[in-house]
Amino acid sequence: MYEAKRAIIMAAGIGNRMHPVTLDTPKPLVKVHGKRMIESVIDALKENGIDEIYIVVGYLKEQFAALLEEYENIHLIENPYYEQYNNISSLYAAREYLGECVILDGDQIIYEPEILKKEFARSCYCCKWVEQETKEWLLTVENDVVTHCSRTGGRSGWQLYSVSFWSGEDGLRLKHHLEAEFEEKKNRQIYWDDVALFCYPKEYALGIRKISDGDIVEVDSFEELCELDRSYTLLNQEGTNGNE
């Protein structure tokens, strides 16, 4: 068994699909029922004994300083490339902390902390089995190892969520591959997940950690935020009326 000794939380993005709330607030700091989304991630990590936490910041980065006062052992890493490149730049900025870690997005809500237990058998992604058609990334698994990933989704597969665990060996491998793509190949408009799943799939033997419906909620748009928290509905109506 491996053990996650630290966490890297991706929180640098602008969050255009969450306008208007992200015009003056970073997406991970947006509140749902009075609690910032990133707080659910940090609290779940600490509940599982993962106390060393690195948050990659960019857009409105100064607002994350409040977390340093509220939590112990939180460290901020600035991504200077967040406006130019895709999220590969955020993990590149935090690459020195890869290995024996869990990597998460800060703009999701963890409702079941158990999914972040720090012990894991192999490097893996949190995934939920879906029968119905989905447009989310979908993994095919054979003999406990990921053999294929579909970016365009499909049906009857393992839907990938933005929570992954990495052993020390795979973390060093991922660091090397990130540097190769970002520095040498200038391949900077991809997701960081592309590195292991598409650029170098044969060099990893990734597994999955099974989760259930509702364990994690990823909030991708303002409409989805309104569905989760009706207090934003009035703001949504005002925006709609203003566009008429």
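Hi everyone, let's start inside helix α4, where Asp-170, Gly-171, Leu-174, Lys-175, His-177, Leu-178, Glu-179, Ala-180, Glu-181 and Phe-182 are buried (under 20% relative accessible area with a 1.4 Å probe, protein chains only; exposed is over 50%, and partly exposed lies in between). This is a predicted model, in which local features need pLDDT of at least 70 and side-chain atom pairs count only at pLDDT 80 or more, while totals for chains, interfaces and linings use all residues. Residues are numbered from 1 along each chain as its sequence is written, and side-chain values use heavy atoms, with hydrogens and water left out.

Back to α4. Helices here are DSSP runs of H or I with at least four residues, strands are runs of E with at least two, and both are numbered from the N terminus.

What do the buried residues of α4 pack against? The partners are α3 (88-93), β7 (101-105), β13 (157-166) and α5 (193-199), with contact meaning heavy atoms within 4.5 Å. After the helix comes Lys-186, which has a positive phi near 55 degrees.

Now for β13's neighbour, β11. Strand β11 (residues 138-142) runs antiparallel to β13, and 2 bridges join them; two strands pair if DSSP finds at least two bridges between them. Leu-138 has Gln-159 in β13 as its bridge partner. β11 also runs antiparallel to β12 (residues 145-150), joined to that strand by 5 bridges, and here Thr-140 is partnered by His-148. The hairpin of β11 and β12 has 2 residues between the strands, and Asn-143 in this hairpin takes a positive phi near 55 degrees.

Buried or exposed: which is Thr-134? This residue sits in the loop between β10 (124-130) and β11, and it counts as buried because its relative accessibility is 10%. Leaving aside residues up to four places away in sequence, Thr-134 touches Thr-152, Gly-153, Gly-154 and Gln-159.

Finally, let's zoom out. The chain has 7 helices and 15 strands. Its radius of gyration is 18 Å, close to the 18 Å from the globule rule for 244 residues, so the chain is as compact as a globular protein of that length (taken over C-alpha atoms; the rule is 2.2 Å times the number of residues to the power 0.38). Of those 244 residues, 51% count as buried. Among contacts between residues at least 6 apart in sequence, 73% join residues at least 24 apart.
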